[in-house]
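Could you show me how to read the way helices pack against each other? I am new to this and would like to go step by step.

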Amino acid sequence: KYCIPFLLDKLTSTLMETKLEAMKTMVACCAQYGSKDIATFMSDIWGSLRSEILTGKDQEVIEQGLISIKGIVKILSTDIVVSSDETSYLSSFLKPLITDCVHQITTMSDTKLASLCSRILSSAASGSVEACQIVFAGTFKSVFDQLMKPEDVPRQSLLDLLPSLISSANTSFTESKQTSPHPLIPYAKSLYEHLATALLSPTASAKIAGVIGLSALCHLSQSNSSLIDSSTQVSIADSITAVLFDSEDESVRTRTVEALISLAKATPDLILSKTVQRLVVQAKSQEAATASVALKSMASLCVHPIIFARVVNEILDMIPSSLVSTSTSTSIGPGDRMEVDSVGISRDKILFECLSTA
């Protein structure tokens with residue numbers, strides 16, 4: 001009756017330390033009192049945390065606000081109590097949170113607010129599998145509908161939300177150790193379609209969102225085969241690999257290689273059969289830039305013994321042919337001869353560097 005209002009009042013303090021302590025204490029009090037006793041204050045709790053996260057200037061306060069949301073969701077999930085109208089207190093807490101955040105993400109052009117709202121939804125969903133189900137049910141349909149619209153929508157904010165929610169699903173499902181169906185199963189097909197489409201976007205940020213989301217989805221499928229089938233996993237590996245050569249943006253290539261490295265650790269056979277195979281073909285290209293991207297990517301993927309062995313063998317096989325290419329040119333002029341030699345010399349240098357790295 002007195003403690004929660006007192007702590008909510010403390011959140012209006014101008015001192016960062018006071019705000020932080022108030023949030024931590026409030027979560028501890030909620031755990032002590034239980035769902036039923038804090039039900040009266042849930043609307044005020046969300047309103048105060050919403051204000052601190054969306055309008056706060058101190059990063060520590062924002063981070064603690066997100067931690068507090070996850071903590072409260074955990075409490076409401078482990079202490080499931082149904083109110084008089086047969087709605088769980090967990091659902092009562094999450095519904096206004098979802099409504100506010102989805103509205104910001106789908107209608108506003110403020111990317112900073114949209115990013116913070118994505119993090120709020122992700123924090124809430126990561127609290128429990130039950131919370132995941134509620135958040136996903138109230139979020140994905142609106143997001144998918146917006147992404148299907150041809151007119152101008154905050155597409156990047158919508159795309160950025162998808163990998164965030166996939167990650168939260170992984171967190172909640174792993175921490176819960178439940179054997180129930182994965183909360184992403186009803187949405188996996190649509191997620192794959194929208195993220196795969198993002199890879200075709202001309203913008204770097206959309207491609208990155210697609211790469212991160214598809215990689216995360218593929219990761220989850222290793223422990224939850226009902227999420228996406230093996231043929232879809234192959235398509236994901238192919239699509240992500242293609243981004244290396246479809247985009248000249250260095251940030252896109254960097255994030256793509258990071259995603260492939262992560263997949264190589266979890267699914268070496270998949271990366272070996274699809275990604276490395278394609279990189280080998282591209283590494284033999286007469287275009288120095290293409291060969292360079294392929295070879296450096298191959299070297300980066302040597303994070304598993306079977307991939308390392310294949311890459312080393314392929315590199316050793318390519319070195320003699322590339323050396324010969326500089327001396328067997330059939331060009332008709334000095335300029336042509338110089339161009340071919342340049343490609344050959346460049347490739348040799350890259351090959352030796354990659355072998356050394358691997």
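Predicted model: local features only at pLDDT ≥ 70, side-chain atom pairs only at ≥ 80, totals over all residues.

Q: At what angle do helix 4 and helix 5 pack, and how far apart are their axes?
A: Start with the direction of each helix, then look at the spacing. Helix 4 covers residues 42-55 and helix 5 covers residues 59-78; they pack at about 155 degrees, and their axes lie 8 Å apart. Angles over 145 degrees count as roughly antiparallel, so helix 4 is roughly antiparallel to helix 5.

Q: Is the crossing of helix 4 and helix 5 left-handed or right-handed?
A: Handedness is the next thing to read. Helix 4 passes helix 5 in a left-handed crossing.

Q: Which residues make this contact of helix 4 with helix 5?
A: Look at both sides in turn. Helix 4 contributes residues including Ile45, Trp46 and Leu49, while among those from helix 5 are Ile62, Leu66 and Ile69. By class, the contact holds eleven nonpolar residues, two polar and one charged.

Q: Which residues meet between helix 1 and helix 2?
A: From helix 1 come Cys3, Ile4, Leu7, Leu8 and Lys10. They meet residues of helix 2 that include Ala22, Met26 and Tyr33. Sorted by class, this contact has nine nonpolar, two polar and one charged residues.

Note on methods:
Residues numbered from 1 in each chain as written. Heavy atoms only, no water. Axes fitted to C-alpha atoms, helices over the stretch in contact; angles between N-to-C directions. Helix = DSSP H or I, 4+ residues; strand = E, 2+ residues; numbered from the N terminus. Parallel < 35°, antiparallel > 145°, perpendicular 65-115°, else oblique. Left-handed = near helix turned anticlockwise from the far one by under 90°. Contact = heavy atoms within 4.5 Å. Nonpolar A, V, L, I, M, F, W, Y, C, P; charged D, E, K, R; others polar.
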